Amino acid sequence: MTRVACKACAGEWPPKDHRIADLGLTVAYLHDDQFFAGWTLLVLKRHATELYDLTKDERSRLIEEVSEVAAALAMAFEPVKINYELLGNQLPHIHWHVIPRLANDPAPRDAVWTVIHEPKRLTSDALQERAALIRTHL
Ligand SMILES: [Zn+2]
């Protein structure tokens, strides 16, 4: 995929009102589906597809930023476990899914993708409230 055709580079995804914070190399957004409360996306600001496309310094900073977000989610949601997923099959622009798995998780041993559920979309107010909660811990 060329940069021109990339939805992340074009600013079409994730939705701008889902933005949590700019971390430097990446920007954090709340995922559309909040069935797993606190599901956060960390999107690289520049176009790159694979970890080996990054410089060593970028890779180090990236994992630091993923860890900062995970620590913030841990404080905000007190999860049992946090999942980290870097897939890119649907959108080959580096973005991490950082997903708190809470005590009431319906399938704590499974990856979220395999858990059949009705996507939970928050109201605009609830979305801003949740983003602000995470932001306070960053
Ligand atoms: Zn891109």
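**Sheet and helices**

Author: In this predicted model, the cover over the buried residues of α2 includes β1, β2, β3 and α1.

Reader: In what order do the five strands form the open sheet, and which are the edge strands?

Author: The pairing in this open sheet is antiparallel, and its five strands follow the order β1-β2-β3-β5-β4. Each edge strand pairs on one side only, and the two that do so are β1 (19–22) and β4 (81–86).

Reader: Which residue of β5 is the bridge partner of Leu42?

Author: Strand β3, covering residues 40–44, runs antiparallel to strand β5, covering residues 95–101, and four bridges join the two. For Leu42, the bridge partner in β5 is Trp96.

Reader: What angle does the direction of helix α1 make with that of β5?

Author: Helix α1, residues 56–77, packs on the sheet and touches β2 (26–30), β3, β4 and β5. Between the direction of α1 and that of β5 the angle is about 25 degrees.

Reader: Why do the buried residues of α2 line one face of the helix?

Author: Helix α2, made up of residues 124–136, lies across β1, β2 and β3. Its buried residues include Leu127, Arg130, Ala131 and Ile134, while Asp125, Glu129 and Thr136, on the other side of α2, are exposed. The buried residues line one face because, seen down the axis of α2, they fall within an arc of 100 degrees.

Conventions
Residues are numbered from 1 along each chain as its sequence is written. This is a predicted model: local features need pLDDT of at least 70, side-chain atom pairs count only at pLDDT 80 or more; totals for chains, interfaces and linings use all residues. Side-chain values use heavy atoms; hydrogens and water are left out. Two strands pair if DSSP finds at least two bridges between them. Contact means heavy atoms within 4.5 Å. Axes are lines fitted to C-alpha atoms, for helices over the stretch in contact, and angles run from 0 to 180 degrees between N-to-C directions. Buried means under 20% relative accessible area, exposed over 50%, partly exposed in between (1.4 Å probe, protein chains only). The arc is that of the directions from the helix axis to the C-beta atoms.
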